[in-house]
Amino acid sequence: MKHSDKTLTKVEFQVMTALWDINRAACGKDILERWKEPKPTYTTIATYLKILYEKGFVDFFKKEGEGKTQWYVAKVTRQEYTRMTMEGVK
């Protein structure tokens, strides 16, 4: 991961926090349900999940018989992210 890929924007961090709090595979709808008002659109959440996938923070899969729904899992724990950001400060 490049250094810039290790850093989350404020909104990316919010998405990751929701995923960490859910603590299981989650879809965009699950993340949106945890969002405080004002809630972004579903497509905004989907875009941020795609960015997080490209940065290597999440992975996704599809469940058989569930259509187009993509399920996301965190590849980086909250503790790992904290450690990475603290190392960047050093």
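Reader: Are lysine 29 and glutamate 33 buried or exposed?

Author: Please note that this is a predicted model. A residue counts as exposed when its relative accessible area is over 50%. Both lysine 29 and glutamate 33 are exposed.

Reader: Which contact do the side chains of lysine 29 and glutamate 33 make?

Author: They meet in a salt bridge, with 3.9 Å from N to O. The two residues are 4 apart in helix H3 (residues 28-33), so about one helical turn separates them.

Reader: How many salt bridges does the count come to?

Author: A salt bridge requires a side-chain nitrogen of Lys or Arg within 4 Å of a carboxyl oxygen of Asp or Glu. By this rule the count is 5 salt bridges. One of them joins the side chains of lysine 55 and glutamate 12, at 2.8 Å from N to O. Lysine 55 belongs to helix H4 (residues 42-55) and glutamate 12 to helix H2 (residues 10-22), so this pair ties together parts that are 43 residues apart in sequence.

Reader: Why do lysine 55 and glutamate 12 count as buried?

Author: The term buried applies under 20% relative accessible area. Lysine 55 counts as buried because its relative accessibility is 14%, and glutamate 12 because its value is 4%. A further salt bridge links the side chains of arginine 24 and aspartate 30, at 3.7 Å from N to O. Aspartate 30 is buried, at 15% relative accessible area.

Reader: How many aromatic pairs does a search of the whole structure find?

Author: The general idea is that a pair of aromatic rings is described by the distance of the centres and the angle of the planes. The search of the whole structure finds 6 aromatic pairs. Among them is the pair of phenylalanine 13 and tryptophan 20, which is edge-to-face, with 5.9 Å centre to centre and 70° between the planes. Phenylalanine 13 is partly exposed, at 35% relative accessible area, whereas tryptophan 20 is buried, at 10%. For tyrosine 53 and phenylalanine 60, the ring centres are 5.0 Å apart and the planes stand at 70°, so this pair is edge-to-face. Tyrosine 53 is partly exposed, at 38% relative accessibility, and phenylalanine 60 is partly exposed, at 30% relative accessible area.

Reader: Which residues form one aromatic cluster?

Author: Phe13, Trp20, Phe57 and Tyr81 form one aromatic cluster.

Reader: Where does lysine 63 lie?

Author: Lysine 63 is placed over the face of tryptophan 71, at 3.9 Å from the ring centre.

Conventions: Residues numbered from 1 in each chain as written. Predicted model: local features only at pLDDT ≥ 70, side-chain atom pairs only at ≥ 80, totals over all residues. Heavy atoms only, no water. Buried < 20%, exposed > 50% of the residue type's maximum accessible area, 1.4 Å probe, protein only. Phe/Tyr/Trp six-rings, centres within 6.5 Å; stacked < 30°, edge-to-face > 60°. Lys NZ or Arg CZ within 6 Å of the ring centre and 35° of its normal.
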